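Welcome! Take a moment to look over the sequence and the model below, and then let us walk through some of the details together.

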Amino acid sequence: MNRRDALTTVALAGAAMAATGSAKADTAASSTLERIKKSGVLRVAVIAGQDPYFHKDLTTNQWSGACIDMANDIAAKLGAKLETLESTWGNQILDLQAEKIDLAFAVNPTPERSLVIDFSTPILVHSFTVITKKGFAKPQTWAEINKPEVKIAVDIGSTHETIARRYCPKATILGFKERNEAILAVATGRADCNISLAVLSVATLKKNPTLGDLTVPRPLLTLPTNLGIRAEADRRYKDFLSAWADYNRSLGQTREWMLKGFQAVGLGADDIPGEVQF
C-alpha cells in the first residue's frame with residue numbers, strides 16, 4: 001500500500017468511526033429519557049371522570065388525583081414540568097406508540113400490550129368488581145353473569161373488557177368508547193352491570209349512590225397496574241420508573257396518594273373494600 005492509499009484508508013476509517021458515534025448519539029437523543037431532559041417536559045395521558053386516579057375540574061380545567069400527584073413527583077425528580085394530554089384507557093396505548101406522551105398510568109401489563117409497549121414494575125395490585133343496576137341480583141360468582149340474557153357494559157380496549165370476554169363469554173357484552181358511557185348504560189337500564197377495577201368502582205358509587213350495588217365475584221381476580229412506556233433499547237427510563245414504583249410502594253407513599261385521591265370524592269380508608277390493595 002502506498003502512502004496515498006494509506007492516508008485514504010485512515011480517512012475512511014475516521015469517517016466510519018465518526019458516523020458510528022453520530023448514530024449512537026442520535027439513538028441516545030431519541031430515547032424518552034433524553035427527550036424529557038432536553039425539552040424539560042414530561043407528557044402524560046389523563047382520563048376524565050376516573051377518580052381517584054384522575055379528576056378534572058370543569059370550571060378551571062385543572063387536573064388532580066392520585067396519578068397527577070404521582071406524575072408531578074416523577075416530573076420533579078426528572079427536573080421537568082408536567083404536561084397533560086386528555087385520552088381514554090384504550091387510546092393511551094396508541095398515544096404512547098405515536099409518541100404523543102411519555103408515560104401512561106394505571107396500565108395493566110397484558111401479553112398483547114407487551115408486544116407494543118413496555119412497563120415499569122407494578123405501582124398497585126387491583127381486584128375486579130361488578131357494579132349492578134338497581135334490582136339486579138348481586139352475583140357472588142362470575143358464572144352467575146355468564147348468561148346470554150345478562151348485558152355487561154365495558155369500555156372498549158380496557159382490561160375490563162378483557163375480563164368480561166374471558167369470564168363471561170356467553171353474556172351480551174356492550175362496548176363503549178369511554179367508561180363513563182358504560183356506567184351511564186347501567187344507570188339508564190341499557191345494561192345490567194359493569195365490570196371495573198375496584199378503585200374505580202368505589203369512587204363511582206360514591207358519586208352515584210343510586211346507581212346500584214358493588215360486588216366482588218369469586219374467584220377473586222386481581223391484576224397489577226403499572227406505568228406504561230414506549231419500548232426502546234435505552235433501559236434507563238424504564239429502570240428509573242421501576243425503582244420509583246418499588247420505592248414509593250414499599251414506603252407507603254403510593255397508598256397515601258391513593259387515599260388522598262379517594263378523599264377528594266368523600267371516601268375514607270374505612271370505605272375501601274378489603275379486596276382493594278394499594
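## A helix inside the fold

In helix α8, the buried residues are A198, V199, L200, S201, V202, A203, T204 and L205. This helix spans residues 198–207, and because eight of its 10 residues are buried, it is largely enclosed by the rest of the structure. Keep in mind as you look around that this is a predicted model.

In soluble globular proteins, nonpolar side chains tend to be buried together. Here, the largest nonpolar core has 56 residues, and Y53, F54, F105 and I152 have the most contacts inside it. Helix α3 (residues 66–77) gives the most to this core, with seven residues. The core also draws on both domains, taking at least three residues from each of domain 1 (33–125 + 224–266) and domain 2 (126–215).

Leaving aside neighbours within four places in sequence, I152 is in contact with I145, A164, C168, A171, T172, I173, L174, C193 and I195.

Next, follow strand β12, which covers residues 222–230. Strand β5 (residues 104–107) pairs with β12 in the antiparallel sense over two bridges, and V107 has N226 as its bridge partner there.

Strand β6 (residues 117–119) also runs antiparallel to β12, with three bridges joining them; in this pairing, D118 stands opposite I229. Strand β7 (residues 124–133) is joined to β12 by four bridges, again antiparallel, and L124 faces T225 across the pair.

## A buried aspartate and a partly exposed glutamine

Is D102 buried or exposed? With a relative accessible area of 1%, D102 is buried. This residue is found in the loop between α4 (91–97) and β5. Its side chain makes a polar contact of 2.6 Å with the side chain of R35. Not counting residues up to four places away in sequence, D102 touches T32, R35, I36, V41, L42, R43, L96, G228, I229, R230 and Y237.

Q140 sits in another loop, the one between β7 and β8 (151–155). Because its relative accessibility is 48%, Q140 counts as partly exposed. Which residues does Q140 touch, not counting those up to four places away in sequence? They are T215, P217 and R218. Q140 and R218 are 78 residues apart in sequence, yet their C-alpha atoms are 6.2 Å apart in space.

The protein averages a pLDDT of 88, and 88% of the residues score at least 70. Residues 6–29 are another matter: pLDDT stays under 50 there, and the model has five contacts beyond four places in sequence for this stretch. Where pLDDT is low, the predicted coordinates should not be read in detail.

Note on methods: Residues are numbered from 1 along each chain as its sequence is written. This is a predicted model: local features need pLDDT of at least 70, side-chain atom pairs count only at pLDDT 80 or more; totals for chains, interfaces and linings use all residues. Side-chain values use heavy atoms; hydrogens and water are left out. Two strands pair if DSSP finds at least two bridges between them. Buried means under 20% relative accessible area, exposed over 50%, partly exposed in between (1.4 Å probe, protein chains only). A polar contact is a pair of N or O atoms within 3.5 Å; within protein, one must be able to donate a hydrogen and the other to accept it, and residues adjacent in sequence count only if both atoms are side-chain atoms. Contact means heavy atoms within 4.5 Å. A nonpolar core is a set of buried Ala, Val, Leu, Ile, Met, Phe, Trp, Tyr and Cys residues joined through side-chain atoms within 4.5 Å. Domain bounds come from an automatic or database domain assignment. pLDDT is the predictor's confidence in each residue, from 0 to 100.
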